[in-house]
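Work through the exercises below with the structure in view. Each task is followed by a solution in steps.

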Amino acid sequence: MTAPHSPVYQAYYTRTPLQLFSGLGWKRLVAFRADESGVTLGGPVTRYRRFTAAVPWRDIEAVVVWATKKTMERPIRRIGLKLRQGVPDVPGPDSTISPQTAASAAPHIEYQVVRNNRVVVFWKVDHTRLSAAMQAFAPQVQLRVHPVHKVVPQGPGTGLGNSSGGSIFDILP
């Protein structure tokens with residue numbers, strides 16, 4: 001637990017029945033933490049123990065916050081780490097993502113950051129508190145916050161309309 005006026009930034013997952021059924025019990029799970037030793041990225045609730053990772057500040061170049069949005073969907077918010085050269089990737093659900101998949105999901109974000117990220121779901125990032133924690137513990141580490149990036153589907157048949165060059169007759173037999 002952190003003191004009321006401590007610069008430590010800690011965000012918890014909202015408790016859900018999924019947490020109970022995954023065998024983690026009803027305790028509060030840390031989704032993200034920034035303290036004097038570095039950053040802790042909590043794993044997804046279903047694989048929390050396997051993918052939780054602690055990274056010291058000396059290995060981090062930047063903390064990156066971004067969101068992508070496809071047409072007619074809610075934005076998918078993420079937080080990731082740009083690690084210094086030579087530092088191995090953190091374990092996580094996206095650690096084996098291909099460069100092509102990463103570029104199609106978040107073309108404005110560096111490949112390494114996409115591999116070392118967490119989806120912000122069942123918790124929220126408080127940018128002010130995160131910035132204060134980073135200033136207190138690691139002023140040399142950048143905080144990059146990107147606006148929501150709209151992902152436009154690519155390929156044939158993904159954008160029918162007046163400007164797409166396609167028509168409804170292209171898909172009829």
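**Exercise 1.** Find how many residues lie between strand 2 and strand 3 in their hairpin.

Solution. Strand 2 covers residues 30–35, and strand 3 covers residues 38–41. The hairpin they form has two residues between them. Strands here are DSSP runs of E, at least two residues, numbered from the N terminus. This is a predicted model: local features need pLDDT of at least 70, side-chain atom pairs count only at pLDDT 80 or more, and totals for chains, interfaces and linings use all residues. Residues are numbered from 1 along each chain as its sequence is written, and side-chain values use heavy atoms, leaving out hydrogens and water.

**Exercise 2.** Trace the pairing from strand 2 through strand 3 to strand 4.

Solution. Two strands pair if DSSP finds at least two bridges between them. Start with strands 2 and 3: they pair in the antiparallel sense over four bridges. Here Ala 34 has Val 39 of strand 3 as its bridge partner. Next, strand 3 pairs with strand 4 (residues 53–56), antiparallel, over four bridges. Val 39 now bridges to Val 55 in strand 4.

**Exercise 3.** Decide why Asp 35 counts as buried, then list its contacts.

Solution. Asp 35 sits in strand 2. Its relative accessibility is 7%, so Asp 35 counts as buried (under 20% relative accessible area, 1.4 Å probe, protein chains only). Contact means heavy atoms within 4.5 Å. Leaving aside neighbours within four places in sequence, Asp 35 contacts Val 8, Trp 57 and Phe 137.

Note on methods:
Buried < 20%, exposed > 50% of the residue type's maximum accessible area, 1.4 Å probe, protein only.
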